[in-house]
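Subject: Structure for your review

Hello,

Here is the structure I said I would pass on. My notes on what was found in it follow below the files.

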Amino acid sequence: MYMNHENIYDHFLTYLKKEDKKQSVLFALSLLEEEKLSIEDLYKHILAPSLIFFECDVNDEDICIWKEHTRTSIIRTIIEAVYPYIVKRLEKIKPIGKKVVVLTPAFEYHEIGAIMVSHLMVLQGFDATYIGANTPKQDIISALRAYHPDYIALSVTNPYNIVVTQQICDEIKKFFPEIKIILGGQAFNDQAALSSVKYDYLLSDFDAIKQFADEVSV
Ligand code: B12
């Protein structure tokens with residue numbers, strides 16, 4: 001019987017450190033199956049930290065990039081396998097009647113945060129669709145034309161992608177002034193980065209999604 005998130009996290013890391021995909025995936029899914037953790041807690045306390053705090057062992061430096069890629073791929077498999085559990089929860093979720101398109105902009109390959117955000121938004125009653133990583137400006141515009149969302153959420157990790165984010169936000173505001181722009185991701189840890197970007201909401205972490213849902217569903 002687990003006492004707290006820390007114990008679960010440590011247990012999960014023993015599998016991840018060995019790149020044991022089978023045990024990592026089975027263990028993570030068993031937490032949901034046996035209702036030891038909610039999807040929200042699995043993402044917040046287990047999966048996200050396992051990537052954010054990934055550190056290279058000094059002895060492993062030569063193979064570190066390979067290890068990081070392998071870990072990312074394991075986490076991605078788990079997130080995709082969580083989707084049926086989201087569908088199961090949908091029966092109990094009251095839709096709030098707001099559509100969101102989630103993506104990462106051109107040149108931004110870090111997409112795990114964006115995928116998790118789209119899932120967590122669905123769990124809060126949003127009609128949220130993840131349209132991909134490294135999304136060129138033109139494809140974003142086409143998606144907005146097709147989906148007519150209330151919000152577009154951009155996840156940006158690398159600070160050097162703020163310039164492209166600024167250009168995308170300018171176009172969105174020009175062609176779709178009614179669509180509200182949500183920004184999130186590590187690139188905005190330094191809020192000075194935002195001075196040149198047109199946006200409506202800055203959400204810092206997973207908890208902010210719930211607060212945002214409460215705010216816009218009234
Ligand atoms: C996995 C990973 C990769 C993978 C990504 C694979 C994929 N399919 O996503 C790959 C190998 C592609 C990669 C590449 C690179 N990476 Co990398 N990567 C990481 C790593 C280890 C984990 C990222 C991750 O998924 N975290 C888990 C998610 C859940 O966290 P998150 O995205 O931050 O999301 C949280 C919040 O930011 C927030 N959030 C995020 N988006 C949004 C959106 C909304 C709307 C909301 C509400 C919240 C929200 O919610 C989450 C929970 O709090 C980080 C280490 C780290 N400290 O993060 C480095 C890291 C981000 N990478 C880094 C770098 C430098 C690179 C490369 C430039 C390396 C290189 N030289 O090639 C390239 C750049 C590629 C590109 N053009 O984008 C640096 C960035 C440093 C910086 N500040 O500039 C980091 C921090 C590593 C480091 N310590 O140096 N990387």
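The largest pocket holds about 1,100 Å³ of space. Its lining counts 36 residues, and those closest to the centre of the pocket are Ile-52, Ile-112, Gly-113, Thr-157 and Gln-186. Please keep in mind that this is a predicted model.

Six elements each supply at least two residues of the lining of the largest pocket: the helices α3 (39-52), α4 (64-90), α5 and α8 (206-216), and the strands β3 and β4. The biggest contribution is that of α5, with six residues. By class, the lining of the largest pocket has 18 nonpolar, eleven polar and seven charged residues.

The second largest pocket has a volume of about 290 Å³. Leu-32, Glu-33, Glu-35, Leu-37, Ser-38, Ile-39, Tyr-85, Lys-88, Arg-89, Glu-91 and Lys-92 line this second pocket. Two or more of its lining residues come from each of α2 (21-33) and α4. The largest share is that of α4, with three residues. The lining of the second largest pocket divides into six charged, four nonpolar and one polar residue.

Which protein atom is a donor to the cobalt atom of the ligand? The single donor from the protein is NE2 of His-110, 2.2 Å away from the cobalt. His-110 sits in the loop that lies between β1 (99-105) and α5 (112-123).

**Sheet**

Five strands make up an open sheet with parallel pairing, in the order β2-β1-β3-β4-β5. At its edges are β2 (127-135) and β5 (201-202), each of which pairs on one side only. Strands of a sheet pair through backbone hydrogen bonds, in a parallel or an antiparallel manner.

Between β3 (residues 151-155) and β4 (residues 180-184), which run parallel, there are five bridges. Within this part of the sheet, Ser-155 stands opposite Gly-184 of β4. Both β3 and β4 also supply at least two residues each to the lining of the largest pocket.

The helix α5 lies across β1, β2, β3 and β4. Relative to β1, α5 runs at about 170°.

Regards

Conventions:
Residues are numbered from 1 along each chain as its sequence is written. This is a predicted model: local features need pLDDT of at least 70, side-chain atom pairs count only at pLDDT 80 or more; totals for chains, interfaces and linings use all residues. Side-chain values use heavy atoms; hydrogens and water are left out. Donors are N, O and S atoms within 2.8 Å of the metal (3.2 Å for Na, K and Ca); water is not among the atoms, so sites may look incomplete. Helices (H or I, at least four residues) and strands (E, at least two) are DSSP runs, numbered from the N terminus. Two strands pair if DSSP finds at least two bridges between them. Contact means heavy atoms within 4.5 Å. Axes are lines fitted to C-alpha atoms, for helices over the stretch in contact, and angles run from 0 to 180 degrees between N-to-C directions. On a 1 Å grid over the protein atoms alone, a cavity is a set of points where a 1.4 Å probe fits but cannot get out, and a pocket is an open set with protein on both sides within 12 Å along at least five of seven lines; lining residues have an atom within 4 Å of a point. Grid points are joined across faces, edges and corners, and a volume is the space filled by probe spheres set on the points. Ala, Val, Leu, Ile, Met, Phe, Trp, Tyr, Cys and Pro count as nonpolar, Asp, Glu, Lys and Arg as charged, and the others, Gly among them, as polar.
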